[in-house]
Amino acid sequence: MSTIRLLGAFSGLIVFACGTAWAQAYPSKPVRVVIVFAPGGATDVVGRLAFQKVGEQLNQQFLIDNRTGASGTIGAAIVAKSPPDGYTIMVYSATLLANAHIYKKLPYDVLKDFAGITPVARLVGMLAVHPSMPVRTTKELIALAKARPGEILYGTAGAGAFQHLATSLFANMAGVKMTHVPYKGGAPATAAMVAGEVQVMLTPASEAVPHLLSRRLRAIGVSSGTRTTQFPEIPTIAETVKGYEFTSWMGTFVPTGTPKPILDRLNAELKKAVADRDVASKLSALTLDPMHMTLEGFAQHLKSEYDKYEHVVNLSGARIE
C-alpha cells in the first residue's frame, strides 16, 4: 500500500474515532428543546413525553422551551440560527412544511436549514362540535353548514396549522363554507371552543379527548382513513365524505450542519423513547401513534410531504404576506 493510501486510511480512522467519541460524550450539558407551539397542545405533549424519556436514558436535562407564534415560524427561526452542535433541538409538526407554501417569505429555508432526526408520533384529527350545536354526525354538520353558509365558526392554532388545513380540505370536499378563526396555538383554540367562541374544530384528537370525556365537546368524526382503536365508536369523516383523509406527524429537528454522530445518537435515543411501554401507552391514549424513521427515511419523507402540503395549502387558500 502506498504512503498516500496509508495516510488516507489513517485519517479516516481518526475521523471515525473522533466522531464516535463525540457521540459518546454527547450530551455533556443540558439540551434546549424548542417546542414551537403553546403548552398543552399536541406537539407540546409529544415533545415533553419523548424528551423526558430521552433525558432519563442519557442522564442529562432536556429543557423544554416553548417559543410560540406565527404557526411555529418564530420558534423555527430561533432554531435555524442556533449553533449546529446538538444542544438546540426543535419539535415541530408537518406545519413546518405547510408554512413554506403559506408564507411569502420566511427567515429560513424549510428543506435546507434543518436536519430531520425522526418523527415521533402520528397525529389523527377529531372533528368535534360544541354541545350547543344541533348536530351529532358529520352528515348533519354538512347540512347545517350548507343551510348557514359562512355563519359557523371553526377554530385553529393559526393559518396553516393542522386544524386549518384539515378543516379547509374537509370544507372543500364537502362543499360547505365555514369561517376561520385563528388562535395562538392548539390549547388556546380548544379553550375557545369549550367556551363557545367557535362551534367547530377539526383538531388533534389529543387536544379534544379530555373535553370529550367531560362532555364539553362532542366528537362526530376522525380524520384517519380507518376508525381508531382508541375510539372505534366514532366514525371516520370518510364514511360521509368519500376519500377524505388527513393525518399529520410531530417531528424532531436540529440546525443543518449538526454532526452526523450526534444525529445518529439522537435518532437512536428517540427510537428507544417512543418504544418505551409507558411513553407509547400515554401517546396511544391520546390517539397519537408512536412513530420512528431512519435519518435517510425521514429526509425522503420530508421531500414527499413538502409536495403534498403544497396541494393542500392551495386548496385552503391560506396565504400570509
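**Exercise 1. A loop residue**

Is Asn 59 buried or exposed? Give its location and its backbone feature too.

*Solution.* This is a predicted model.

Step 1. Find Asn 59 in the loop between helix H2 (42–58) and strand E2 (62–66).

Step 2. Take its relative accessibility, which is 70%. The cut-off for exposed is over 50%. Asn 59 therefore counts as exposed.

Step 3. Look at the backbone. Asn 59 has a positive phi of about 55°, although it is not a glycine.

**Exercise 2. Another positive phi**

Find where Ser 71 lies, and decide whether it is buried or exposed.

*Solution.* 

Step 1. Ser 71 sits in the loop between E2 and H3.

Step 2. Its phi is near 55°, a positive value in a residue other than glycine.

Step 3. Its relative accessibility is 7%. Buried means under 20%. So Ser 71 counts as buried.

**Exercise 3. A covered strand**

How many residues of strand E3 are buried, and which strands pair with E3?

*Solution.* 

Step 1. Strand E3 covers residues 88–93. Six of its six residues are buried, and the strand is mostly covered.

Step 2. Sort the side chains by direction. Thr 88, Met 90 and Tyr 92 point one way from E3. Ile 89, Val 91 and Ser 93 point the other way. Residues on both sides are buried.

Step 3. Take the first partner. Strand E1 (residues 31–35) runs parallel to E3, and four bridges join them. Across this pairing, Arg 32 stands opposite Thr 88.

Step 4. Take the next partner. Strand E9 (residues 247–255) runs antiparallel to E3, again with four bridges. Here Met 90 faces Phe 253, which stands opposite in E9.

**Exercise 4. A threonine in E9**

Work out the surroundings of Thr 252.

*Solution.* 

Step 1. Thr 252 is part of strand E9.

Step 2. Its relative accessibility is 1%, so Thr 252 counts as buried.

Step 3. The side chain of Thr 252 reaches the backbone oxygen of Thr 118 at 2.7 Å.

Step 4. List what Thr 252 touches, leaving out residues up to four places away in sequence. Among them are Met 90 and Val 91. The list also includes Phe 51, Ala 115, Gly 116, Ile 117, Val 120, Leu 270 and Phe 298.

**Exercise 5. A covered helix**

Which residues of helix H4 are buried, and what do they pack against?

*Solution.* 

Step 1. H4 spans residues 95–102. Seven of its eight residues are buried.

Step 2. Name them: Thr 95, Leu 96, Leu 97, Ala 98, Asn 99, His 101 and Ile 102.

Step 3. Name the packing partners. The helices are H3 (73–80), H6 (162–174) and H11 (295–316). The strands are E3, E4 (114–129) and E9.

Step 4. Asn 99 is buried, because its relative accessible area is 0%. Leaving aside neighbours within four places in sequence, Asn 99 is in contact with Ala 70, Ser 71, Thr 73, Tyr 92, Leu 106 and Ala 159.

**Exercise 6. The whole chain**

How does the radius of gyration of the protein agree with a compact globule, and which stretch has pLDDT under 50?

*Solution.* 

Step 1. Note the elements: 11 helices and 10 strands.

Step 2. With 321 residues, a compact globule would have a radius of gyration near 20 Å. The protein has 21 Å, which agrees.

Step 3. Along its principal axes, the C-alpha trace extends about 80 × 40 × 30 Å.

Step 4. Check the burial. Of the 321 residues, 54% count as buried.

Step 5. Check the contacts. Consider those between residues at least 6 apart in sequence: 78% join residues at least 24 apart.

Step 6. Check the confidence. The average pLDDT is 91, and 92% of the residues score at least 70. Over residues 4–17, pLDDT stays under 50. The model has one contact beyond four places in sequence for this stretch. Where pLDDT is low, predicted coordinates should not be read in detail.

Key
Residues numbered from 1 in each chain as written. Heavy atoms only, no water. Buried < 20%, exposed > 50% of the residue type's maximum accessible area, 1.4 Å probe, protein only. Helix = DSSP H or I, 4+ residues; strand = E, 2+ residues; numbered from the N terminus. Pairing = 2+ DSSP bridges. Polar contact = N/O pair within 3.5 Å; in protein donor to acceptor, adjacent residues only side chain to side chain. Contact = heavy atoms within 4.5 Å. Rg over C-alpha atoms; globule rule 2.2 N^0.38 Å. pLDDT = per-residue confidence, 0-100.
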